[in-house]
Amino acid sequence: MQMSDVIADMLTRIRNANNAKHSTVDIPASNMKKSIADILVEEGYVKGYQIVDNGNQGIIRITLKYMEGKQKVIRGIRRISKPGLRIYAGYEDMPKVMNGLGVAIVSTSKGIMTDKKARSLKVGGEVLAFVW
């Protein structure tokens with residue numbers, strides 16, 4: 001069966017592994033998911049990721065990050081724009097997550113980026129997810 005929302009699946013896998021305090025989580029690879037994983041690494045929410053070749057499309061193995069005492073770095077992760085209801089924002093009204101403490105992941109014409117970078121480049125786009 002074809003999955004309709006692969007980004008929501010990725011975010012749910014990360015959320016579940018984070019809540020269960022796993023060290024890594026495996027996600028079927030795609031270029032969009034790699035871009036989202038890049039943003040999570042740049043913003044310091046995960047340690048890193050690697051691409052594992054399995055003969056098909058590959059797997060993204062994300063290494064989760066915790067503070068002392070296994071406290072979660074990712075407090076929350078939420079899908080915003082869904083296949084049934086797309087949410088778009090111009091660069092002027094780009095949402096701020098937790099008053100700037102979190103990050104919004106935005107798909108723009110210049111690639112997938114954070115809300116801060118989209119504001120600085122003055123591009124709007126589809127708001128994919130919030131991470132805080």
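**Reading the fold**

Reply: Let us begin with contacts, where contact means heavy atoms within 4.5 Å. In the chain, 61% of the contacts with a separation of 6 or more are made by residues 24 or more positions apart. This is a predicted model, in which local features need pLDDT of at least 70 and side-chain atom pairs count only at pLDDT 80 or more, while totals for chains, interfaces and linings use all residues. Residues are numbered from 1 along each chain as its sequence is written, and side-chain values use heavy atoms, with hydrogens and water left out.

Me: How many helices and strands does the chain have?

Reply: Helices (H or I, at least four residues) and strands (E, at least two) are DSSP runs, numbered from the N terminus. The chain has three helices and 10 strands. Their order from the N terminus is α-β-α-β-β-β-β-β-β-β-β-α-β.

Me: What radius of gyration does the chain have?

Reply: The radius of gyration is taken over C-alpha atoms, and the globule rule is 2.2 Å times the number of residues to the power 0.38. For 132 residues a compact globule would come near 14 Å, and the chain, with 15 Å, agrees. The C-alpha trace spans about 40 × 40 × 25 Å along its principal axes.

Me: Is strand β10 largely enclosed or open?

Reply: A residue is buried under 20% relative accessible area, exposed over 50%, and partly exposed in between (1.4 Å probe, protein chains only). Of the 132 residues of the chain, 40% count as buried. In strand β10 (residues 125-131), seven of the seven residues are buried, so the strand is largely enclosed by the rest of the structure.

Me: Which strand pairs with β10 over six bridges?

Reply: Two strands pair if DSSP finds at least two bridges between them. Strand β8 (residues 103-108) pairs with β10 in the antiparallel sense over six bridges, and Val103 stands opposite Val131 in β10. Strand β6 (residues 77-79) also runs antiparallel to β10, joined by three bridges; there, Ile77 has Val131 as its bridge partner. Strand β7 (residues 88-89) forms two bridges with β10, again antiparallel, and Tyr88 is partnered by Glu126.

Me: Where does the charged end of Lys70 sit?

Reply: A charge sits over a ring if NZ of Lys or CZ of Arg is within 6 Å of the ring centre and within 35 degrees of the ring normal. The charged end of Lys70 sits over the ring of Tyr66, 4.6 Å from the ring centre.
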